[in-house]
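Trainee: I would like to learn how to read a model like this one. Can we go feature by feature?

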2 protein chains.
Amino acid sequence: MAHSSTNAQGALLEKVLSIVERENLVKGMDETKKVIDFVHPEELKKILQLDIRREGRSLEEVEQVLETVVRYSVKTQHPHFYNQLYGGIDEVALAGAWLTEALNTNQHTFEVAPVFTLVEHFILNRLVELFDWQDGDGIFSPGGSMSNMYGMVLARYRKNPEVKKLGLSSMKPLVAFTSDQSHYSIGKAASWMGLGLDNVIKVETDSWGRMIPESLREEAAKARLKGGDPFFVNATSGTTVFGAFDPLDQLADVCRDENLWLHVDACWGGTAIVSRKHRHLLHGIHSIRRTRRFKYLTYLRLPVLNSMNEVSTLASFFRADSVVWNPHKMLGVPLQCSAFLVRHKGLLHESNSASATYLFQQDKFYDVSYDTGDKSFQCGRKVDAFKLYFLLTCHGMDEMERRVDGAFRAAEYLAEQVAQRPGFRPVLESAQCTNTCFWYIPPSLRHQQENTEWWLKVEQPVPEKGLVNFFRMVITCYPEPQSRHMDSLLNEMDTLGADL
Amino acid sequence: MAHSSTNAQGALLEKVLSIVERENLVKGMDETKKVIDFVHPEELKKILQLDIRREGRSLEEVEQVLETVVRYSVKTQHPHFYNQLYGGIDEVALAGAWLTEALNTNQHTFEVAPVFTLVEHFILNRLVELFDWQDGDGIFSPGGSMSNMYGMVLARYRKNPEVKKLGLSSMKPLVAFTSDQSHYSIGKAASWMGLGLDNVIKVETDSWGRMIPESLREEAAKARLKGGDPFFVNATSGTTVFGAFDPLDQLADVCRDENLWLHVDACWGGTAIVSRKHRHLLHGIHSIRRTRRFKYLTYLRLPVLNSMNEVSTLASFFRADSVVWNPHKMLGVPLQCSAFLVRHKGLLHESNSASATYLFQQDKFYDVSYDTGDKSFQCGRKVDAFKLYFLLTCHGMDEMERRVDGAFRAAEYLAEQVAQRPGFRPVLESAQCTNTCFWYIPPSLRHQQENTEWWLKVEQPVPEKGLVNFFRMVITCYPEPQSRHMDSLLNEMDTLGADL
Ligand SMILES: Cc1ncc(COP(=O)(O)O)c(C=O)c1O
Ligand SMILES: Cc1ncc(COP(=O)(O)O)c(C=O)c1O
């Protein structure tokens, strides 16, 4: 950048701020604007004119780069940005993220990150409490996939600490279990960890997409018969597609009997823990008792889908060995923010420590137990904890709960609409997490006999993959979803589908 | 946060900006201020009053949280912040980071990240060129440790693609080689990947901390004799402590003969690639030919430490299979920014793909080859490429080169001072990367006979670890280091050490 133009300290940061304000990126984006001005890759390349030259750019050019980036980027903050498991971000959380970036702190020792080390420590302890564990430990990692791998690595270490030194080559194949609806990161972790995809058993799910505990038990027995060594179960709290919550209590029973580590991938559905109304989802049922136990219960319109479950959330989380929750998914915290928690204190350190003496000297003049670096797989680690802490402390848990309840309410509303409205057909009877899956029935197919042929047309199956097509709507807490957003989405589909 | 206070959209972001400007966090921090106002953990806890309540905080309280965080955080932007392998950040790069955060984009498909997908694609191609490869592929990962694991995973897949499916349990133990000066992340990767720490052979280094190619050859032979299956060599370009550059050409010869994957951990020293004067370091020697080949050569004061090496950088990088460079370390890009490059196109995808159909549908209406998600271990992935692109395109490569040369010049100056000045003693004869390692000789020990006893006092050894103590100074490009900064550092040590 030409030198004259950089004299004004902060000028470029001011420009970024002014763009954020002008575009209302953190609050109240204009709904009439497009979520994305879609341009095909080759055309967009021409527009962007990406180039790095020997000489720099003028301030005008530099600002133009920023403007073009914003113009053609997807507005994840738009009230109609739905299709992914993340969305708009809260201004408070963004302010926390910006300050973190500006301080450029590396989260490994108290010495270089005094404030952020304590913040991470504090928030992890609060999460341990929130998930109703008596004690625990944890770390922020760069995403749910990585956090799931943390869980699997710890489970393996606990099963056989020798693996750290000796590797897997002379061991019986370790076998992991996960539902056929679970996230693909479990497979990726097994592949990276040298377990192999064949040793990840996909356990059958019920019609709601929840792992069937008896199938898990059978699969574990089968794996042993085949000479494998079962060690790990991944239960999902909020599956990627259906938002299903695996029945943790029953799975924990199987894990106790079979001596398996119970890891809970609550990347997506973990946000329910913030709500006194919905945290029950996290003990494995998506029905809620119709009692007056919680003050919000009168608003509740979820149908009772299952028998009542008397085991408390406390008991069920106490029985899991590790949990992951991604506040960057539903809660409106900027990417990346993934909290990995483990119930066994000390295990993260034992399993991961490399005792790098240059970094984690033990002869420091302060209490080195705050040096979290050696618990981590990473060496340098971005501070992901502060923006979450800042969001929660500034808004308070009541406000967070209000938002989470709002997202669930919007999903329920959408599920009702999809069930009632002509031209829409729910895939499941009701919403589970804030996911709603449905088919769109084009006008040309309405009021016809719904035979196999008809369904083939509706589902537009992808036969070579054994899959059928449907729409998945996913709702996040921020910007706050309203019923009119749901209505306009369905109206839009009707308009677009009018000629089909 | 109380609702009234949030009405002003952007108010909190403005506050963050005003703090950044007031504290000069991106330019010209006041040198007379402290790098850190050190407070012990328990005391700092009392000051921070970390708390999350049901109710929110007032705007005044919220602003106070930000102020306290800044007050007690380490100022990595301070000209005297040296001890870590990262430091201050450039305003342009920070602006890129802030915009990235505000857009909250997830780097996995073109559809949700049109601009940033193309930016990552573009910059990876430019890095491939910069490292003088003819072709290649790559990905940004959340840090050097993760990038090193990418290298090891690809090497293993190439050696035996079956591992992805079958795992390691029935295979001969795979053996990896790395120097005894290399970063501990190689061990962590081997442990996570199920190879086991015992199967990471630490190859001997010379007196400069560089891996000895003949030792590598011997170790590979030994490993085979013991029944192991050598597959991977990690060479370091810029070691963590000494800044040593392993001799890549000679190592590549061994790798060719022994059929081993050559991975180059250039996390730290990779920044030299930006400088026409110093990029030669990356082909494995830290001596530079004294010719007039480059226009900057007249400034050069590095002693010739080794025989001349006629093999060009091009040839040597062409021979490596993968390389990692962390622009977040020396170049002043905010954390995290780590580029992993691999010479074999398609391998990242083959090795890592899980073919998650819900995410990476093949029946999209645009060219899906831009959907990079399935190359990645991660699912959600923060955009780390744009801030680097923005830095390079705005300032231009000439300015980047000037900065890199400046950092090297400052390190040379420091090395000279340490060699000449009473009370200081260099550990090595001269600086290699921008690291300078030295002993401080307290006045009470000067002008004495330098026998074993004397050295014991100087080095304050840590006998149970077989280690000795010395100071490591590490210099980054930003804020631009000046000789007066080096002088004042040494003066400060003299003042502090006066009574020892
Ligand atoms: C030579 C070397 N490689 C790899 C790393 C790890 O990089 P990161 O901290 O980004 O994980 C470091 C960190 O200091 C390093 O010095
Ligand atoms: C259930 C579930 N688990 C894990 C992940 C992976 O999280 P991340 O994208 O942070 O890697 C996802 C991502 O969508 C998910 O839906």
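Mentor: Begin with how elements are named. Helices are DSSP runs of at least four residues, numbered from the N terminus. With that label in hand, H6(B) gives the most to the shell around ligand 1, with three residues. Keep in mind that this is a predicted model.

Trainee: How many residues surround ligand 1, and which are the closest?

Mentor: A residue is near a molecule if one of its heavy atoms lies within 4 Å of it. For ligand 1, 16 residues surround the molecule. The closest are A:Gly380, B:Gly144, B:Ser145, B:Asp265 and B:Lys329. Look at the chain letters: residues from chains A and B surround ligand 1, so the site is shared between chains.

Trainee: Which side chains lie 2.9 Å from an oxygen atom of ligand 1?

Mentor: For polar contacts, look for pairs of N or O atoms within 3.5 Å. An N or O atom in the side chain of B:Thr240 is 2.9 Å from an oxygen atom of ligand 1. The side chain of B:Asn326 also has an N or O atom 2.9 Å from a ligand 1 oxygen. For the side chain of B:Lys329, the distance is 3.0 Å. Now turn to cover: ligand 1 alone exposes 390 Å², and the protein buries 98% of that.

Trainee: Where do I look for ligand 2, and which residues come nearest?

Mentor: Of the 16 residues around ligand 2, the nearest are A:Gly144, A:Ser145, A:Asp265, A:Lys329 and B:Gly380. Chains A and B both supply residues around ligand 2, so this site is shared between chains. The space taken by ligand 2 is the largest cavity. Helix H6 (144–159) and helix H12 (327–330) of chain A each supply at least two residues of the shell. H6(A) gives the most, with three residues.

Trainee: Which backbone atoms lie 2.6 Å from an oxygen atom of ligand 2?

Mentor: One is a backbone N or O atom of A:Gly144, at 2.6 Å from a ligand 2 oxygen. Another is a polar backbone atom of B:Gly380, also 2.6 Å from an oxygen atom of ligand 2. The side chain of A:Ser145 brings an N or O atom to 2.8 Å from a ligand 2 oxygen. As for cover, the protein takes up 98% of the 390 Å² of accessible area that ligand 2 has on its own.

Trainee: Now a helix. What caps the N-terminal end of H4(B)?

Mentor: B:Asp90 does, with a side-chain oxygen 2.7 Å from the backbone nitrogen of B:Val92. H4(B) covers residues 91–103. Its 13 residues reach 18 Å from first C-alpha to last, close to the 18 Å expected at 1.5 Å a residue. Of those 13 residues, 13 are buried. Just after H4(B), B:Asn104 takes a positive phi of about 45 degrees.

Trainee: Is B:Lys15 buried or exposed?

Mentor: Buried means under 20% relative accessible area. B:Lys15 has 16% relative accessibility, so this lysine counts as buried. B:Lys15 sits in helix H1 (residues 11–22) of chain B. Its side chain makes a polar contact of 2.8 Å with the side chain of B:Glu67.

Conventions. Residues are numbered from 1 along each chain as its sequence is written. Chains are lettered from A and ligands numbered from 1 in the order in which they are written. This is a predicted model: local features need pLDDT of at least 70, side-chain atom pairs count only at pLDDT 80 or more; totals for chains, interfaces and linings use all residues. Side-chain values use heavy atoms; hydrogens and water are left out. The expected span of a helix is 1.5 Å times one less than its number of residues. Buried means under 20% relative accessible area, exposed over 50%, partly exposed in between (1.4 Å probe, protein chains only). A polar contact is a pair of N or O atoms within 3.5 Å; within protein, one must be able to donate a hydrogen and the other to accept it, and residues adjacent in sequence count only if both atoms are side-chain atoms. Accessible areas come from the Shrake-Rupley method with a 1.4 Å probe; for residues, only the protein chains shown count as cover. On a 1 Å grid over the protein atoms alone, a cavity is a set of points where a 1.4 Å probe fits but cannot get out, and a pocket is an open set with protein on both sides within 12 Å along at least five of seven lines; lining residues have an atom within 4 Å of a point. A molecule sits in a cavity or pocket if more than half of its atoms lie within 2 Å of its grid points.
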